[in-house]
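Here are a few exercises to work through with the model open in your viewer. Try each task before you read its solution.

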Amino acid sequence: MSKPLLPNRHPDKDFFICDFGEVIPKSDMASMEHPLFTLSTKPDTAIRNYEHNGTTVTITPSVLGLATIHDKDVLIYCISRLMEGLNKGEEVSRTVRFKAHDLLVTTNRSTGGDGYKRFKNALDRLQGTVINTNIETNGQTVTSGFGIIDGYEIIHENPETKRMVEMEITLSKWLYNSILGQEVLNINRDYFRLRKPIERRIYEIARKHCGSQKEWQIAIHNLHKKVGSSSSLKKFRELLNHIIHHDHLPDYSVNIEKRNVVFRFNGAAAVTKKPDDAPTLRTSTIEKAKEILGRSYDVYAMQSEWIEYWKATGSPALDKPDGAFIGFCKYKKAQFDK
């Protein structure tokens with residue numbers, strides 16, 4: 001019986017990847033919210049239609065099949081690189097240039113011949129899958145059908161192994177708008193160790209909707225629809241029970257309670273960890289900070305950054321920590337929005 005998590009194939013990856021370093025992986029909110037990728041491990045050539053609360057998506061495959069949720073690793077890598085550039089104040093574009101080896105290592109993939117072959121197949125599926133949707137990204141709707149990526153180019157290929165070395169990927173305008181609008185969320189690095197497609201899909205739904213809340217619940221039939229699973233509801237429940245039994249989903253635990261699926265956030269200690277004498281914030285302050293920062297910012301990550309700043313300045317006593325944190329949030333957002 002296989003273990004629920006894939007092995008960490010590159011425990012010393014920081015030694016190899018100079019460009020990517022400790023950049024936190026990020027995913028776009030739109031594809032976390034809606035089922036744009038097939039969960040099938042075999043070529044899926046069926047046209048998919050999805051509708052929920054006025055949101056419509058039609059996904060048309062090429063002869064190679066729909067892009068899979070494992071193919072999405074390529075997008076996560078590109079999004080993460082571009083967001084890091086934006087955070088540093090650099091100019092970015094839809095075209096991302098990088099070393100293929102870096103992507104394989106960062107996303108916990110094999111760097112053998114099969115790894116490069118799978119990567120090339122993923123690129124072909126991403127380019128060939130056409131999406132028509134009314135989902136807005138950065139306030140804009142793309143009215144024509146578009147490939148998830150516009151294209152790719154292999155810049156250098158090793159003449160001995162025939163493996164791609166450097167390459168460029170051009171993202172679709174729709175996805176690029178998400179990045180410009182900062183409509184992305186950090187994800188746990190162990191996402192790349194999740195073995196089954198449905199586990200990855202369940203994780204990103206939990207990350208999108210539960211986030212750093214104590215818990216979030218959804219009716220099991222609604223989750224079945226949101227996941228985009230083609231299995232029966234009975235089979236879907238069995239797959240959920242597998243996740244519940246092994247409890248290996250990063251950051252979240254899952255339970256079925258009557259007709260609902262309940263997600264509980266387990267990462268609160270890691271996200272909001274602070275020294276014992278650090279200022280404590282009111283719940284109302286956190287909610288106000290969320291309004292100021294907008295949905296593109298993780299308020300708990302901002303709280304951790306504020307605590308680090310507070311420690312670095314000599315842990316001064318604060319008569320009004322709530323006001324100080326709100327001021328910090330306003331300053332950071334203004335700096336980023338310049």
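**Exercise 1: a salt bridge between helices**

At 15% relative accessibility, Glu33 counts as buried, because buried means under 20% relative accessible area, exposed over 50%, and partly exposed in between (1.4 Å probe, protein chains only). Before going on, note that this is a predicted model, where local features need pLDDT of at least 70, side-chain atom pairs count only at pLDDT 80 or more, and totals for chains, interfaces and linings use all residues. Residues are numbered from 1 along each chain as its sequence is written, and side-chain values use heavy atoms, with hydrogens and water left out.

Task: find which residue forms a salt bridge with Glu33.

Solution: 
- Step 1. Look for a side-chain nitrogen of Lys or Arg within 4 Å of a carboxyl oxygen of Asp or Glu, which is what a salt bridge means here.
- Step 2. Helices (H or I, at least four residues) are DSSP runs, numbered from the N terminus.
- Step 3. Lys208 is partly exposed, at 27% relative accessible area.

**Exercise 2: around Leu223**

Task: list what Leu223 is in contact with, leaving aside neighbours within four places in sequence.

Solution: 
- Step 1. Locate Leu223 in helix H8 (residues 220-227).
- Step 2. Check its burial: at 0% relative accessibility, Leu223 counts as buried.
- Step 3. Collect the contacts (heavy atoms within 4.5 Å): Ile202, Ile205, Ile218, Phe236, Leu240, Val261 and Phe263.
- Step 4. Pick out Ile202, 21 residues away along the chain; its C-alpha atom is 8.7 Å from that of Leu223.

Definitions and conventions:
Helix = DSSP H or I, 4+ residues; strand = E, 2+ residues; numbered from the N terminus.
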